[in-house]
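Please look through the sequence and the model shown here before reading on. The report then takes up one topic at a time.

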Amino acid sequence: MNFFSKSRPGQIPGVPDRHLPPGKIHPATAVGVANARTQPPSPSDVAQKVGRQSNGLKEFLWQLDGIGHGHLLDLGPARQTTITFFIERGFKVYTEDLLATWQYFLDEEAQRAKKMPAGADRSEMSPEGRAKKFLETTMLYPDDTFDAVLMWDILDYLDGELMAKLAARITSLVRDGGVVFAMFHTRKPILFHRYRVLDGQNLELIPATCPFQPQRVFQNREISNLFSRYRSSKMFVGRDQLREGLFVK
């Protein structure tokens with residue numbers, strides 16, 4: 001029996017439950033066939049979904065071939081097709097909508113700041129302080145937990161302090177031989193998309209709203225520095241202004 005098997009849906013293994021307001025879902029949720037928390041598509045999503053052939057996804061699956069009963073972390077919203085796709089391949093899937101969790105954290109911090117008396121220490125409200133505090137309350141998994149991480153394009157939308165610290169945290173969570181799949185825009189995007197896996201070589205891009213503006217366009221050297229602890233990397237450049245990166249630790 002592994003440590004995941006003793007965790008309830010919504011509970012971080014080895015960490016006491018955190019009390020959230022009514023209606024809030026714990027940001028770290030173990031997902032299985034019976035308890036998957038999925039996000040139903042809106043009518044506009046159904047009308048505007050775009051399919052995309054993904055060489056990065058094919059390479060990602062090739063790297064995972066033979067792992068067997070591994071653990072995968074998806075940093076986007078829970079999509080049933082993606083969850084089912086990897087469960088059928090023997091993976092236990094964990095989802096954490098990191099952008100939504102970050103927005104919830106910022107809203108809570110803004111409310112807390114309004115209640116602070118004049119002259120109070122506001123060092124935790126600095127970009128560095130916020131990033132540090134956020135990562136002390138989310139993704140509290142043991143090191144070397146995951147065989148695979150779907151990072152998508154979230155690094156493009158996070159401020160510099162959190163982006164760098166998040167990349168370091170993900171690196172610590174990935175075991176040796178594990179692989180991260182990330183995406184980077186070659187130009188600042190006009191539209192924001194979420195992603196789901198359709199099959200072994202195709203993704204679906206789903207238009208969505210995002211509370212954050214794209215923060216940067218990564219240069220190749222910046223990407224290499226973020227993933228410098230990985231033993232190999234491969235990039236796939238598409239005609240739709242997206243680069244897909246595979247990073248094997």
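The sections below go from the whole chain to single residues and pairs.

## The model and the chain

This is a predicted model, in which local features need pLDDT of at least 70 and side-chain atom pairs count only at pLDDT 80 or more, while totals for chains, interfaces and linings use all residues. Residues are numbered from 1 along each chain as its sequence is written, and side-chain values use heavy atoms, with hydrogens and water left out.

The chain has seven helices and 10 strands, where helices (H or I, at least four residues) and strands (E, at least two) are DSSP runs numbered from the N terminus. Of its 249 residues, 49% are buried; buried means under 20% relative accessible area, exposed means over 50%, and partly exposed is in between (1.4 Å probe, protein chains only). The chain exposes about 12,600 Å², of which carbon and sulfur atoms supply 50%, the areas coming from the Shrake-Rupley method with a 1.4 Å probe and, for residues, with only the protein chains shown counting as cover. Among contacts (heavy atoms within 4.5 Å) between residues at least 6 apart in sequence, 73% join residues at least 24 apart.

In helix H3, which covers residues 80-87, Thr82, Ile83, Phe85 and Phe86 are buried. They lie on the same side of H3 because they cover an arc of only 160° around the axis, the arc being that of the directions from the helix axis to the C-beta atoms.

Tryptophan 62 lies in helix H2 (residues 55-64), and it counts as exposed because its relative accessibility is 59%. The C-alpha atoms of tryptophan 62 and glycine 200 are separated by 9.7 Å, although these residues are 138 residues apart along the chain.

## Salt bridges

A salt bridge is a side-chain nitrogen of Lys or Arg within 4 Å of a carboxyl oxygen of Asp or Glu, and by this rule the count comes to 11. Arg52, Asp240 and Glu244 are linked in a network of such bridges.

Glutamate 109 and arginine 112 form a salt bridge at 2.9 Å, N to O; both lie in helix H4 (residues 98-115), three residues apart, which is about one turn of the helix. An α-helix has 3.6 residues a turn, so residues three or four places apart point the same way. Glutamate 109 also forms a salt bridge with lysine 133, with the closest N and O atoms 3.0 Å apart. This second pair links distant parts of the chain, since glutamate 109 is in helix H4 and lysine 133 is in helix H5 (residues 127-135), 24 residues apart.

Arginine 175 forms a salt bridge with aspartate 147, the closest N and O atoms being 2.3 Å apart. Here arginine 175 belongs to strand S6 (residues 174-185) and aspartate 147 to strand S5 (residues 146-152), 28 residues apart. Arginine 175 is partly exposed, at 26%, whereas aspartate 147 counts as buried, at 7% relative accessibility.

## A buried arginine without a salt bridge

Which side chain of opposite charge is nearest to arginine 216? Arginine 216, found in the loop between strand S8 (202-207) and helix H7 (220-226), is buried yet has no salt bridge, and the nearest such side chain, aspartate 156, is 5.6 Å away. For charge, Lys and Arg count as positive and Asp and Glu as negative, while His and the chain ends are not counted.

The side chain of arginine 216 does reach backbone oxygen atoms: that of leucine 155 lies 2.5 Å from one of its polar atoms, and that of leucine 158 is reached at 2.5 Å. Leaving aside neighbours within four places in sequence, the residues in contact with arginine 216 include Tyr157, Asp159, Gly160, Met163 and Lys188.

Conventions:
A polar contact is a pair of N or O atoms within 3.5 Å; within protein, one must be able to donate a hydrogen and the other to accept it, and residues adjacent in sequence count only if both atoms are side-chain atoms.
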